[in-house]
Each structure stands twice: as structure tokens, then as C-alpha cells.
Amino acid sequence: MNSVVLAVDDLREQYTREMALVRQTCERTGEGTAAIRRRSAVVDRIIVEMWRRASTDLIQQNAAVLAIGGYGRKDLFPYSDIDILFIFSDDRAEARCREAVRAVIQGMWDVGLRASPTSRTLKEASRFDPDNIEFTLATLDRRFLAGHFPLYQQLHQSVLPGLVLSEWNPITQKLSELARVRHAKYGNTIFHLEPNLKECPGGLRDFHLAVWFALLFQLKETREWPRQRGSVFQSARGDAEAAFDFLASARSFLHFRHGRDDNVLDWQSQDEAASQSIGLETRGTADPSYWMRTYFRHARVIYRRAALLMEHLPAPVSFYRQFRRRRTPIPGTDFLLDQGRIDIQPAGEFTDTAAILRIFSLMATHGYMLSQAAEDRITDALPALAIHIPEGPYLWNALREVLLGPHAAHTLRTMHALGVLEMLIPEFHGIDALVIRDSYHRYTVDEHTFLAIDNVHGLRQPGHEFERRLAQLLPEIDRLDLFLLALLLHDTGKGRRTGEHASQSVELAASFLARLDLDAEERESVLNLIRLHLEMSNAMRRDIFDHENVRAFADKIGSPQMLKMLTIMTFADIKAVNPDALTPWKAENLWQFYISTANFLDRSVDAVRYHAAIDPTLLNRIRAMVPAAQYDELRQFLEGLPQRYLQTRLPEQIRHHFQMALDLDKDPVQVDLRPARQLYDLTVITRDRPGLFADMAGALAAWGMNIVRAGAYSNDAGVIVDSFHFTDVFRTIELNPSEKERFLRNIHDVVAQRVSVQQLLASRSHLNYTGNIKVEVATRLDFDSESSTHATLLQVIAQDLPGLLRHIALTLSRHQCNIKVALIDTEGETAIDVFYLTSNGEKLSPEAQKALAADLTLALESMRVPANA
């Protein structure tokens with residue numbers, strides 16, 4: 001066959017003229033969707049005309065020209081390639097059309113179109129090539145352009161449906177695999193400083209991925225193509241369509257700006273796009289941060305829908321699984337559990353938030369995902385649910401279950417994406433997709449918050465050495481639920497963009513906490529953590545080994561408990577800024593600074609005691625809570641108490657202890673027991689006597705209680721405030737409420753010396769067996785007479801065994817050591833106890849230390865249970 005040469009000068013002029021108009025209109029209106037549709041129409045006319053010029057009647061009857069891929073979708077961006085498919089009835093037809101096809105392809109390049117052609121016979125088009133899934137995907141987006149229309153109909157109605165249905169599983173699995181590889185390349189996140197609008201998660205590729213999956217699912221269900229391609233991915237809210245329009249405008253802007261197929265939204269392009277309000281409903285100039293905020297909101301919609309459709313793919317079915325019940329109703333709701341996905345019953349209705357909150361609790365606990373149908377139904381129900389938004393303990397208990405779940409971050413993201421989180425916590429709306437536009441903060445503020453919460457839960461399975469060290473602190477947090485609540489709210493103040501965000505976050509958090517009806521102690525714990533959450537990061541910007549820096553930081557936080565919470569919070573906060581923010585060097589500095597501050601707090605615990613004449617502030621705060629007639633007694637009670645005691649308790653707690661001290665004339669032993677989540681908090685107030693601490697520790701050991709923490713404090717009047725946090729190993733108090741009174745009476749009588757603690761221990765010795773020791777801990781004693789101005793510090797590291805604290809206290813008593821302060825702590829099977837000791841009002845002499853060490857070592861070794869016992 002003779003070669004065919006096309007004259008295309010007129011077509012080139014036509015294309016140049018039409019594209020100039022497309023660009024002018026796009027730059028004037030900023031509407032990218034209209035631009036890509038118009039370019040598609042322009043290219044359609046040119047290719048149809050080229051085929052007419054190049055083909056004969058015989059060729060027209062045996063071949064067809066199709067637009068496929070992006071061109072087939074009419075998503076032809078200014079500098080995108082032109083994907084076309086030449087389809088032939090058979091091999092002979094392909095041979096006859098070869099020169100015409102070559103002429104059309106050459107003509108496209110001559111006009112200025114980047115041609116990306118493919119040729120197939122009908123027989124070839126019916127075969128699936130797993131190594132060329134891209135071609136199969138491109139044919140899902142096809143349009144007839146020119147040639148023999150019945151040939152196109154045969155391909156459309158018979159060949160391609162048969163291919164897709166027969167190879168449905170390999171196609172969908174391969175499509176999902178390609179998407180996961182692409183997502184992994186970009187860190188499985190939509191958050192990038194300079195995102196690729198086409199390839200990044202949440203980009204245009206994901207939009208089309210979602211459309212493909214929706215189309216494939218519909219084809220499998222109905223056995224026919226949808227009448228309109230776009231109908232398979234429409235949303236009632238129009239959020240997916242709006243997201244596409246924004247991305248189409250932004251990508252068109254990039255193409256025209258760079259003069260090529262460049263899809264990276266670099267820093268300068270962001271500034272320029274914002275200045276032109278590209279993709280926004282209002283024209284004029286927009287702030288770049290606001291413009292990027294809009295981008296992330298749209299990317300989040302697309303990424304979420306694509307991920308949900310990928311998760312909807314059926315998992316491989318084993319021989320045994322096929323006999324299991326697949327759809328299990330979730331009691332008390334209209335939801336169903338289907339192989340790790342939560343779906344909604346067709347007739348399900350929402351009348352209140354109870355069922356929805358129950359679902360989110362399950363998601364946080366087990367990591368379930370919602371189906372697209374369930375998400376849409378929840379979102380549609382929000383206006384009705386918002387009329388009666390839950391508050392008080394009901395809301396707190398539901399939110400608490402979510403926060404404590406190992407999949408809390410995943411659940412909170414879902415709640416946030418559906419609008420549920422903002423419905424429950426309107427204060428969170430201000431940081432929705434909020435961009436901190438600098439090269440350090442990679443994530444939006446809301447995503448940063450979710451990542452920080454995820455980082456805390458990740459400490460349960462630490463992956464690095466510094467995480468393993470920090471993980472030791474996690475069990476030491478008394479109220480992990482309150483800690484995570486503070487983390488959820490700690491950056492909400494950034495949404496106001498005025499003033500220092502920590503104080504703004506405190507103000508917003510206070511309004512939400514008031515609606516939860518938390519008590520004063522719980523509210524203050526959360527607010528104080530939010531108020532101080534930047535202090536450790538700020539202090540780490542200075543010399544972490546500088547004593548004054550450590551002292552200033554310690555003075556601000558006041559207690560070891562706050563130090564532990566701030567250390568974990570700082571770790572989670574920094575790590576959530578960007579993937580490289582928490583360098584090994586910074587992580588090491590964080591741990592070293594924690595150690596330095598912890599040592600400072602322990603070594604200076606009794607160096608500063610309260611004196612009203614020096615610091616009247618605390619006295620005035622508590623005076624407002626007591627009658628004027630008790631002012632003098634209050635002053636006497638506070639005088640000389642260690643600052644550690646005052647800084648680790650709320651004014652309400654101190655007032656309660658003061659009221660207990662007032663009753664000492666009625667009963668010389670005052671006992672108070674309160675539950676503290678997983679622990680019990682026992683407070684004993686009495687007058688000092690030798691062996692008091694040992695007797696209390698012995699009484700608790702006799703009842704089988706495991707002492708986790710303890711503190712012993714005294715004022716200038718000789719009144720002792722001893723506190724013990726313990727676990728009820730055998731659940732004696734919980735399972736037998738009547739035993740609580742007997743327990744308290746035993747404690748009272750032991751302290752009052754009415755009951756011998758030795759007798760009590762002997763009667764309950766059977767409770768002290770704890771089973772085999774898992775980790776052997778060597779006993780170590782360290783004395784320090786330098787850190788404290790008037791006491792010798794003794795640190796005891798030993799195996800945590802029943803009665804350990806009593807043995808230590810008895811030995812100290814025999815050596816006539818007065819315990820000024822006791823700091824008791826437990827890490828796993830290791831007891832770490834610190835005592836501030838005096839003898840006859842003075843520090844211990846070297847000789848006294850040596851004698852005490854010998855006796856104490858002997859006492860501790862004598863009670864050690866062999867590892868194989």
C-alpha cells in the first residue's frame with residue numbers, strides 16, 4: 001500500500017488558535033474542568049478530520065478510532081498526552097489500515113499533539129495481560145471518535161465486559177496493588193509540602209482509581225456498563241465532584257504556568273495559585289495557607305473514598321472461612337460487621353447518637369473500617385443528630401473509649417472526615433485542615449493531632465531504643481484518658497491565629513471540659529497539661545545540662561507525674577511534626593533532659609518547704625475555701641510541708657487533708673480511701689511516731705495490696721500526711737464491698753497500734769505468694785548527702801516483692817532513721833524507692849550509712865524468692 005501523507009497546516013493553525021482561547025478563558029475564570037473538556041473537544045475535531053483524510057471507505061468499514069484513558073474521560077489537560085486506540089476487526093484489516101494509522105499519528109505530532117497510540121484487533125482486545133494492566137484500565141475510559149461504529153459497539157457491549165467479568169479478581173487485585181505501591185512511594189499520606197497533584201495520595205490518580213473501582217463493582221453486580229460513567233462516583237454532598245474541580249483547576253494552572261506536563265505543586269506555584277484564587281469560588285487574592293488548606297480538604301475526600309473502595313475488595317476466601325457467618329449484626333444498632341468492615345442495614349435509621357458512638361468505640365478497639373454506605377448514611381443523619389448533641393458523662397465515656405483504644409487515631413480521623421468529631425467538639429473545627437505553612441510542619445494541625453495520639457499508642461510496641469525507654473513511662477501515667485484528651489485539644493488554639501496558641505487552646509478546652517462535667521481535679525489536670533505542653537520543647541532549645549535551665553523547667557512543672565506526661569507528650573508532638581523531626585539526637589536529648597529533671601525533682605524534694613511568710617499565694621487560694629475562723633489552723637497545717645506535696649495536689653485535695661487534720665483531736669488516726677481508676681489512693685493523717693511508715697506498708701502487704709507509689713510528708717507541727725497508691729491484686733475490695741470497712745478499720749487500728757501488724761501479716765501470709773519472678777533485679781543501695789541541704793538520700797533498687805517497703809521501713813526504724821520524705825515507685829518488677837533520712841535531726845554519717853547498708857542488704861536478700869520457686 002502506498003504511504004499516506006497528510007496536509008495538516010490548517011489543523012495546526014486551528015489547534016493553536018483554539019488552545020489560545022482555552023488558555024485565555026482558563027486564566028480569566030480559573031475553571032480547569034471547563035478547560036480540559038474544551039481541549040478534548042478541540043482534539044476530537046482534529047483527529048476525526050485526520051482520520052477522514054487518511055482513510056478510504058474500505059478502511060472505514062474495518063477499523064475504529066477510540067479515545068481512551070484521560071482523553072477518553074474528556075480530562076485532557078493542557079499538556080497531557082493523547083491516548084488513542086485503533087481497533088480492527090481482524091489481522092487483515094489491521095494490515096490494510098497500517099499506513100492510514102501511521103499518517104494520523106504523524107499528523108498528530110505535526111499539529112503539536114503528544115500522541116500515545118495503541119493498536120489492537122478485537123481478538124487481541126479480548127485478552128488480559130497482567131503485565132500491562134494500564135491498557136485494560138485505559139479501555140475502561142473509552143469514547144468512539146471515528147470509523148466503523150458497529151465495531152466499537154461490539155468492543156463495548158461484548159468484548160470488554162466479557163474480559164473484565166472473566167478477569168475481575170486479577171484486575172481488581174492488580175489495580176489495588178498498583179495503588180498501594182504508589183501510595184507507599186508517597187508515604188501513604190496526602191500531606192506533602194510540594195504535592196504531586198496527579199500521583200500523590202488524594203490526587204487525580206486516586207479520583208480515577210475510585211471511579212474505576214466503582215465502575216468495576218457496578219459491572220460485576222449488574223452485568224452491564226453504567227449509562228453515564230460519572231454516575232458511579234457521585235456523592236449526595238457533591239464533595240468528590242468539588243474536589244475534582246479544584247484539582248482540575250490547579251493542574252491546568254500548573255500546565256499553563258510551566259508550559260509542560262508538570263504536576264508538582266511547588267512552593268512558588270502555591271503562592272501564585274493562591275494569588276489568583278485558582279479553584280476557589282471567589283476570585284481575587286487568597287492567603288497561600290488558606291489555599292493549601294482547601295487543597296488538603298479536597299485531597300482528604302478523594303483519598304478516603306479511594307481507600308474505602310479498595311478495602312471493599314473481597315478478601316481471599318479459605319476453605320474454612322466460607323462456612324463462617326459473614327455478616328454479624330452489632331447489638332443495639334442497625335450496623336453489621338462483615339469481615340472487618342462495618343456496614344449499615346438497608347432499612348437502618350438513626351434516632352440518636354448512641355449507636356454511632358458505639359460503632360466508633362468498636363473501631364477504636366478493633367481497627368474496623370466503615371463501608372462507604374455506612375459513612376454516607378452517618379453523614380446524612382448528622383443534621384438530625386445535631387439537634388440533641390450528647391454532653392456530660394455520657395459523651396465523656398464514649399469519647400474516653402475511643403481515646404483509649406489502640407486504633408484511636410484511625411477512629412478519630414473517620415469521625416473527623418464525617419463531621420462527627422466537630423459535631424461533638426465544635427472547638428476542633430478551627431484546626432480542620434489548618435496549614436502551618438513552613439518547611440518544618442508537614443501535616444495540617446488536625447492530622448498532626450491524630451498522629452500525636454497514634455505515637456502515644458505506638459509506644460505499646462516500640463520500634464526504637466529511645467521508644468523502648470519512653471514506653472517505660474506510659475504505665476506511670478495515672479489517667480491516660482485525661483492525658484489523651486489533653487493531646488486531642490492541645491493545638492485547638494491555633495485555629496484562632498491570635499496570641500500564643502497554648503493559652504488559646506486552654507480557653508477552648510475549658511469550654512469543652514465544662515460540657516463534659518468533669519470534676520475540678522480532672523479539668524485542672526487536662527488544662528494544666530495543655531498550658532505546659534510547650535515548656536519541655538522550649539527548655540530543650542537551651543543547654544539541657546545547664547543546672548539553671550533544669551531548675552527553671554522543674555519549677556514550672558512541679559511534679560514527677562507532670563514530667564512524665566510532658567516527656568511523652570513532647571515525644572509524640574515532635575514526632576508528629578514531620579517524619580524526620582524526631583532525630584535520634586533529639587530523642588536522646590529528650591531522654592537526657594527527662595533524667596536530669598527527674599533527678600532534680602527527686603534530689604530537691606525536701607530542700608524547699610512551704611512557709612506562709614515567704615509564699616502567701618497558696619495560703620490565700622485555700623483560705624477562700626475554708627471559714628475565716630480556721631485561717632490560723634490552716635496556716636499551721638501548711639507550715640513546713642514540702643513543696644512537692646503542695647505542687648502535686650489541687651487546692652481541693654489540700655483542703656480535704658486539712659479538714660482531716662482538724663479531726664485529729666477526735667480520732668488521732670484519720671484514714672481516707674478513694675478509687676483512682678485502676679488504682680486505689682489511701683491517705684493517712686496522724687502524728688508522727690517511730691515505725692509508722694513500716695506499719696502502714698505492712699498492713700497493706702497483709703491484705704495482699706501491691707503498692708505502686710507512696711509518699712510520706714510531714715509539717716513543722718509533726719503531722720504526717722502519708723499516701724499510698726496500690727492495686728488490689730485479688731480484687732478483695734471490688735468483689736466484696738463489705739470488706740472495705742474492715743480494711744479501713746485494720747489500717748486504722750494498725751496505725752493506732754491497737755492491732756499488731758505482725759499478727760495481721762501472719763494471718764494473711766497465704767496472700768503474699770506472687771508466683772515466679774520473671775526478671776531478676778539485683779539489689780542496689782545508693783547514698784547521697786550532697787544534693788539535699790539537711791537530709792541524706794537513700795535510693796533502693798530491688799526486686800518488687802510483697803512486703804518490700806515494710807522491710808525497708810523496719811530496717812530504717814531500727815537504725816533510728818527519720819523518714820522526712822519517701823518516694824516509692826515501681827517499674828515492672830523493679831522497685832525504685834527514694835528516702836530522705838535524718839538521724840537526731842542531722843544527716844547520716846558515713847559510719848551510719850555503712851551500717852544501714854549492711855543490715856538493709858541482708859534484710860532484702862533474706863526475703864528474695866528464688867526464680868524457680
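Exposed means over 50% relative accessible area, and partly exposed lies between that and the buried class, which is under 20%. These legends describe a predicted model.

**View 1. Lys666 pairs with Asp663 in a salt bridge.** The closest N and O atoms are 3.8 Å apart. Lys666 has a relative accessible area of 71%, so Lys666 counts as exposed. Asp663 is partly exposed, at 28%.

**View 2. A network of salt bridges takes in Asp10, Glu49, Arg52 and Arg53.** Shared partners join these residues into one network. Across the whole structure, there are 46 salt bridges.

**View 3. Arg257 and Glu272 meet through their side chains.** The salt bridge spans 2.7 Å from N to O. Arg257 belongs to helix H11 (residues 239-258), while Glu272 sits in helix H12 (residues 267-275). The pair therefore ties together parts that are 15 residues apart in sequence. Both ends are partly exposed: Arg257 has a relative accessible area of 31%, and Glu272 has 29%.

**View 4. Arg437 forms a salt bridge with Asp271.** Here the closest N and O atoms lie 3.0 Å apart. Arg437 is in the loop between helix H18 (420-424) and helix H19 (445-458). Asp271 is in helix H12. Arg437 is partly exposed, with a relative accessible area of 22%. Asp271 is also partly exposed, at 34%.

Conventions
Residues numbered from 1 in each chain as written. Predicted model: local features only at pLDDT ≥ 70, side-chain atom pairs only at ≥ 80, totals over all residues. Heavy atoms only, no water. Salt bridge = Lys/Arg side-chain N within 4 Å of Asp/Glu carboxyl O. Helix = DSSP H or I, 4+ residues; strand = E, 2+ residues; numbered from the N terminus. Buried < 20%, exposed > 50% of the residue type's maximum accessible area, 1.4 Å probe, protein only.
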